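Keep the sequence and the 3D view open as you read.

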Amino acid sequence: MIQHYRFGHPIHTGAVLDKPTMDITPVKDFPGWDISPSNGSLSKTLSESMRVFGLGETVRGMNKRGWIYISNNTDDPNHDEDKRSLYASQNFILLASPEEEEVEGIFIDDPGTVRFDIGYTELNRLIICSESGNADIYRFTADSADEIVRQFRAITGQSYIPPKWAFGFGQSRWGYKSEEDIRAVFTRYQDASVPLDSIYLDIDYMERYKDFTVNTESFPHFSDFVEEMRKSHVHLVPIIDAGVKMEEGYETYEEGCEKDYFVKKENGERLVAAVWPGRVHFPDFFKPEVQNWFGHKYQFLLEQGIDGFWNDMNEPAIFYTEDRLKEVFEEIEKYKNENLDIQSYFAFTNLVSTLGNNPADYRRFYHEHEGQTIRHDKVHNLFGFYMTKAAGEALRKMEPNKRILLFSRSSYIGMHRYGGVWTGDNKSWWSHLLLSLQQMPALNMCGFLYSGSDIGGFGADCTEDLMARWLSLAILTPLYRNHACAGTRLQELYQFQNLESFRKIIELRYALIPYIYSEFMKAAVKNEMYFRPLSFIWSKDSRAYEVEDQVAVGESIMLAPVVEQNHNGRAVYLPESMKMIRFKAWNDYTEEILPAGTHYVECRLFETILFLRKGHVLPLIKPAKTTAELDYASLKFLCYDADPKDYTLYNDDGFTRNLPFTF
């Protein structure tokens with residue numbers, strides 16, 4: 001059942017479909033909840049056994065109890081345990097307990113700041129507060145977590161489906177500056193016989209960091225180069241940023257000014273902010289005509305042969321605004337020739353640190369949204385969604401029969417219809433290895449099936465053992481990309497000593513693509529999850545609710561990776577008997593049936609272990625250099641008390657849109 005309650009006068013976000021496929025019943029109250037329209041809050045007492053799942057891309061574990069999470073899309077690369085906001089706002093939670101029959105979901109459709117106090121202020125109290133006091137609130141009830149998710153997705157829409165090549169291995173780094181750099185990456189992987197489907201282009205491919213341009217000095221024959229890579233079935237995937245550089249003669253800038261497409265301050269002047277190129281204007285993505293204009297700008301790169309994009313810096317990230325920069329310089333001047341004691345010293349040094357992503361800057365500009373002028377902070381969390389919506393809708397018009405890869409850093413519920421997400425600037429930390437696993441089910445709940453983290457970590461220096469464990473942990477993650485920051489240790493797989501062992505892990509990934517693709521497509525079409533917490537399947541098993549470092553993936557597999565450095569094994573909890581498959585290579589594995597219960601499982605570095613559920617099937621294929629070269633005639637099936645015919649294998653040409661998906 002779906003119920004709807006409204007605070008005040010909510011802003012229409014587009015998260016919920018205009019014509020949802022399920023009935024929504026308006027109510028005056030939610031049973032078991034205390035609702036206070038006057039302060040925009042609702043609260044509920046939680047039993048000791050109640051778990052709270054969801055909120056998409058956040059810190060901490062799968063069970064969100066014990067912390068405050070604030071929906072306020074934030075460009076913050078330090079995903080420490082004490083952070084309350086990351087790049088995305090996905091205001092959907094699910095409450096489940098092994099002791100209660102009913103499962104409950106809550107979605108807060110408010111694009112401004114929303115606070116989820118989940119047992120922080122009061123240990124057993126959940127308090128949700130809309131800062132604006134204007135929100136559409138949806139309550140879902142069912143007898144299973146899976147049914148709650150299906151209900152939620154039925155009103156928010158089907159998940160984005162990428163091309164099949166996007167499930168292959170991708171290599172990325174901020175710092176590939178030229179055709180020679182990219183060609184060297186490709187050649188090194190090819191010489192090592194490591195499968196590879198994509199190489200990513202970060203901001204260095206652009207002409208002075210301008211969207212929809214190519215640096216002709218470092219990429220003098222860009223379309224020819226794209227075709228050169230394509231002949232080897234390797235796709236180049238460029239980045240697109242939200243800020244448009246202010247530069248006379250730059251077509252996108254001049255068009256935006258001429259057509260009045262950029263955001264403005266209250267006095268009618270265009271906001272001047274700064275990101276990579278320095279001074280920029282932000283498109284007002286809340287205007288349909290701006291979405292159409294900006295989205296069709298991707299045509300420039302499509303014409304060069306590009307068929308994949310990643311949208312970045314779209315919280316939007318702000319290095320500074322000219323207004324704030326002026327204020328800081330004026331304040332700094334006051335300290336000149338002064339004696340800086342401890343208070344004034346910290347005040348002085350903090351001035352510069354307040355330039356980036358300053359909350360006051362998000363209150364300086366406005367949007368035109370459905371006939372209303374709205375200050376940005378009231379709709380802040382929609383900016384990245386609308387940028388990706390702009391691209392997604394335009395790409396469907398420009399390439400009506402072809403799936404184009406598209407994913408974003410910032411997001412809100414509803415963006416999952418247009419593209420996937422990656423979890424942003426993580427670090428080469430073992431804690432982020434575990435976090436990357438814990439975020440996947442929460443993202444899937446919210447519809448973001450095509451998702452993944454930067455394998456090996458984006459910031460800091462990746463060790464060889466961390467890379468090995470991360471590749472194995474992410475072996476079934478749809479987005480499978482090694483990405484690193486400029487200035488960090490080089491972490492392409494050929495930079496490490498055990499390249500042959502890395503090759504075997506990547507080959508295993510390709511051997512698993514028939515399963516990954518089949519299970520992803522089923523989840524997308526049926527409005528289900530691809531990654532699940534164990535408790536979503538074994539809902540009456542109280543022990544399953546405690547497990548935070550294992551996940552179910554698709555219908556057949558449980559994953560229990562090693563997430564601690566210098567460990568050669570781990571304790572694994574099996575809610576039921578499973579077949580343990582220990583892969584040293586895709587064609588070098590052992591099988592062992594383990595009974596239900598807790599087991600210490602040895603897992604050496606460069607091994608990957610998958611657990612096959614009883615009555616289920618795992619298809620494997622002979623690896624190839626790219627997904628395009630996989631030969632489905634080589635399929636074989638690993639089974640545990642099952643017949644291969646019991647498994648529904650899905651396959652298609654990998655790129656055609658709007659296929660009649662049937663399962």
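Q: In which strand is Leu-594 found?
A: This is a predicted model. Look for the strand that spans residues 588–594. Leu-594 is found in that strand, S35.

Q: Is Leu-594 buried or exposed?
A: Buried means under 20% relative accessible area. Leu-594 has a relative accessible area of 10%. Leu-594 is therefore buried.

Q: What distance separates the C-alpha atoms of Leu-594 and Met-580?
A: Leu-594 touches Met-580, and its other contacts include Leu-574, His-599 and Phe-611. Along the chain, Leu-594 and Met-580 are 14 residues apart. Their C-alpha atoms are separated by 6.8 Å.

Q: Is Ile-581 buried or exposed?
A: Ile-581 has its place in strand S34, residues 578–585. Its relative accessibility is 0%. Under 20% counts as buried. So Ile-581 is buried.

Q: How far apart in space are Ile-581 and Leu-612, C-alpha to C-alpha?
A: Ile-581 is in contact with Leu-612, and also with residues including Tyr-589, Leu-618 and Leu-638. In sequence, Ile-581 and Leu-612 are 31 residues apart. In space, C-alpha to C-alpha, the two are 7.3 Å apart.

Q: Why is helix H11 largely enclosed by the rest of the structure?
A: H11 covers residues 464–473. Its buried residues include Glu-464, Arg-469 and Trp-470. H11 is largely enclosed because the buried residues number ten of the ten.

Q: Which residues point one way from S15, and which the other way?
A: S15 spans residues 235–241, and seven of its seven residues are buried. Both groups are thus made of buried residues. His-235, Val-237, Ile-239 and Asp-241 point one way; the other way point Leu-236, Pro-238 and Ile-240.

Q: What is the handedness of the β-α-β unit made by S14, helix H3 and S15?
A: S14 (residues 198–201) and S15 run parallel and are joined by four bridges. Ile-199 has Leu-236 as its bridge partner in S15. With helix H3 (residues 222–230), the two strands make a unit that is right-handed.

Q: Which residue in S20 stands opposite Asp-241?
A: S15 also pairs with strand S20, residues 308–312. The pairing is parallel, over three bridges. Opposite Asp-241 stands Asp-312.

Q: How far away is the cysteine sulfur nearest to that of Cys-603?
A: Cys-603 counts as buried, at 7% relative accessibility. The count of disulfides is zero, and Cys-603 is in none. The nearest cysteine sulfur belongs to Cys-462, and its distance is 17 Å.

Technical notes. Residues numbered from 1 in each chain as written. Predicted model: local features only at pLDDT ≥ 70, side-chain atom pairs only at ≥ 80, totals over all residues. Heavy atoms only, no water. Buried < 20%, exposed > 50% of the residue type's maximum accessible area, 1.4 Å probe, protein only. Contact = heavy atoms within 4.5 Å. Disulfide = S-S within 2.5 Å. Pairing = 2+ DSSP bridges. Right-handed = clockwise from strand over helix to strand, strands pointing away. Lists of a residue's contacts leave out its neighbours within four places in sequence.
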